[in-house]
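Open the structure in your viewer and keep the selection tool at hand. Each stop on this tour gives something to select and then says what is there.

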Protein chains: 2
Amino acid sequence: MLLFDLTTRHGARPSPFCWRAKLALKHKGLLHDEKACHYSDIRSIGDGSFRTVPVMQDGGVFVGGSLNIAEYLEKTYPDTPTLFPDDPHHRYAKFVEAWVDTSLQPQIFHTLAYDIFLLMPDAEQPYFRKTREARLGMTLEEARDLAPSKLPAAQASFLPLRRRLQEQPFLCGDAPAYADYIAYGALKWQRLCCDRELLSDAADPIHAWFSHIDGLATAHAPTGS
Amino acid sequence: MLLFDLTTRHGARPSPFCWRAKLALKHKGLLHDEKACHYSDIRSIGDGSFRTVPVMQDGGVFVGGSLNIAEYLEKTYPDTPTLFPDDPHHRYAKFVEAWVDTSLQPQIFHTLAYDIFLLMPDAEQPYFRKTREARLGMTLEEARDLAPSKLPAAQASFLPLRRRLQEQPFLCGDAPAYADYIAYGALKWQRLCCDRELLSDAADPIHAWFSHIDGLATAHAPTGS
């Protein structure tokens, strides 16, 4: 089993969507290798139809998209631990995904866009600049200058997660599952892309939640390049 | 069965939390009366321990808080339609609640605070001003003047809901349930408190979702004052 993951110029792997897929594989105890890609490599995966990572190859099957990968694993390996406890239609996980994709990660991205740009290899920077400036509605340099003013909104975007973690250790209850991995990916991405601490309150329950999942994420690192 | 609901000076009932409880009762087909309260009336309900509404009285039992009411009804009337389909631990509903309470409603509130103030009876306005100015960190008049600049953030806060409704008619699947009622309450509140349209795209799937639930909410209006 092989996971295609996005890499930076220094070999870091910050993609929040790839972290979701990596944790889904670990959750199920499925050994896999990882293959580092740049944006420009993605069209050479499988039949050439993929435009984003993660993409997972399982024998002759290619699956693209983090939730699709999680759902494929759930269906194909039914004897492994479930990623969607008490969530047969995956509605809870899909709502958490909608919240992370449209609220949490976009708010973080405003504060992080220029940092990510600097992490890209020279050859990848023009693609990143073009697509991300269109998304931001401003240049990356303008986003960098505005980043401090965007910090309060990024911090506030964690409120729904914090509210739930004040009542139970994980979004999925006493143990983490896919909904947790979705939210984890956002914070892992932020931490791998810059040194600024986004959540400075040491008593924030998000810290213990993050550390536990981070232990799962970094244990038994896969081989591969 | 009696539900204590918040009223304005003109008799409107905008409280988003009370809408959650009213829809929970209707969902289960439980007939109830409603009793209109102002803030200053709340301490006279039951044993005097309640500080917010909704409060529900079921015979000699008083239950306060919208989610507590939904969970009480679910437990006490197990033969009625479930409010938490495929969600035995209510984790999905609780996450939606956390998102609505900490993100959606606070973003809307910035644009609505002064409108709500004007709807309060004179005698209730000092309490509202004191508590809400503390929450806003500014005067109600400052909030009114800033409201247009807060509109984009309030509109953006609907993105997770819209993302899900692009794939299925209700947050809970093919039919609405408690998670839908939580989000509905926020938009119902906004519409009852001001005439400004928050979501102007006629093709927005939120409109059809809202209309369907609004039909449930306003059918068979309970008696009571």
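An axis, for a helix, is a line fitted to C-alpha atoms over the stretch in contact, and the angle between two axes is taken between their N-to-C directions, from 0 to 180 degrees. Two packed helices are described by that angle and by the distance between the axes. Keep in mind throughout that this is a predicted model.

**Stop 1: helices α1 and α8 of chain B**

Select α1(B) together with helix α8 (residues 205-218) of chain B. How do their axes cross? They come within 9 Å of each other, at an angle of roughly 75 degrees. Angles from 65 to 115 degrees count as roughly perpendicular, and α1(B) and α8(B) are therefore roughly perpendicular to each other. Now show the side chains at the contact. From α1(B) these are B:W19, B:L23 and B:K26, and from α8(B) they are B:I213, B:L216, B:A217 and B:T218.

**Stop 2: helices α1 and α2 of chain B**

On the α1(B) side the contact is made by B:F17, B:R20, B:A21, B:A24 and B:L25, and on the α2(B) side by B:S66, B:I69, B:A70 and B:L73. As a general point, an α-helix has 3.6 residues a turn, so residues three or four places apart point the same way.

Stay on α2(B) and colour its buried residues: B:S66, B:L67, B:I69, B:A70, B:Y72, B:L73 and B:E74. What covers them? The cover includes β1, α1, β3, β4 (61-64), α3 (91-119) and α7 (178-193) of chain B.

**Stop 3: two threonines in loops of chain B**

Select B:T8, in the loop between β1 (2-6) and α1 of chain B. Is B:T8 buried or exposed? Its relative accessible area is 4%, so B:T8 is buried. Neighbours within four places in sequence aside, B:T8 is in contact with B:P14, B:H38, B:L119 and B:P121.

Next, go to B:T139, in the loop between α4 (125-136) and α5 (140-156) of chain B. B:T139 has a relative accessible area of 30% and is partly exposed.

**Stop 4**

Select A:V53 and A:P54. The peptide bond from A:V53 to A:P54 is cis, with omega near 10 degrees. A:P54 is in the loop between β2 (33-37) and β3 (55-58) of chain A. In chain B, the bond from B:V53 to B:P54 is also cis, with omega near 5 degrees. B:P54 lies in the loop between β2 (33-37) and β3 (55-58) of chain B.

**Stop 5: positive phi angles in chain A**

Go to the loop between α2 (66-76) and α3 of chain A, where A:D86 is found. A:D86 is not a glycine, yet its phi is positive, about 55 degrees. At 38% relative accessibility, A:D86 is partly exposed. Then select A:H90, in the loop between α2 and α3 of chain A. Phi of A:H90 is near 60 degrees, a positive value in a residue other than glycine. A:H90 is buried, with a relative accessible area of 12%.

**Stop 6**

Select helix α3 (residues 91-119) of chain A. A straight helix of 29 residues would span 42 Å at 1.5 Å a residue, but α3(A) spans only 35 Å between its end C-alpha atoms. Where does α3(A) bend? Centre the view on A:L112, where the bend is about 60 degrees. Of the 29 residues in α3(A), 25 are buried.

For another helix, select α7 (residues 178-193) of chain A. α7(A) has 16 residues and reaches 23 Å from its first C-alpha to its last, close to the 22 Å expected. It is mostly covered, with 14 of its 16 residues buried.

**Stop 6: both chains**

Zoom out to show chains A and B. A rotation of 180 degrees, with 0.0 Å of shift along its axis, superposes chain A on chain B with an RMSD of 0.0 Å. That is the relation of a two-fold axis. In chain A, the C-alpha nearest the axis belongs to A:Y92, 2.4 Å from it. Of the interface residues of chain A, 100% are also interface residues in chain B, so the copies meet through the same surface.

Notes. Residues are numbered from 1 along each chain as its sequence is written. Chains are lettered from A and ligands numbered from 1 in the order in which they are written. This is a predicted model: local features need pLDDT of at least 70, side-chain atom pairs count only at pLDDT 80 or more; totals for chains, interfaces and linings use all residues. Side-chain values use heavy atoms; hydrogens and water are left out. Copies are superposed by least squares on the C-alpha atoms of residues with pLDDT of at least 70 in both. Contact means heavy atoms within 4.5 Å. Helices (H or I, at least four residues) and strands (E, at least two) are DSSP runs, numbered from the N terminus. The expected span of a helix is 1.5 Å times one less than its number of residues. The bend at a residue is the angle between axes fitted to the seven residues ending there and the seven starting there. Buried means under 20% relative accessible area, exposed over 50%, partly exposed in between (1.4 Å probe, protein chains only). Angles under 35 degrees count as roughly parallel, over 145 as roughly antiparallel, 65 to 115 as roughly perpendicular and the rest as oblique.
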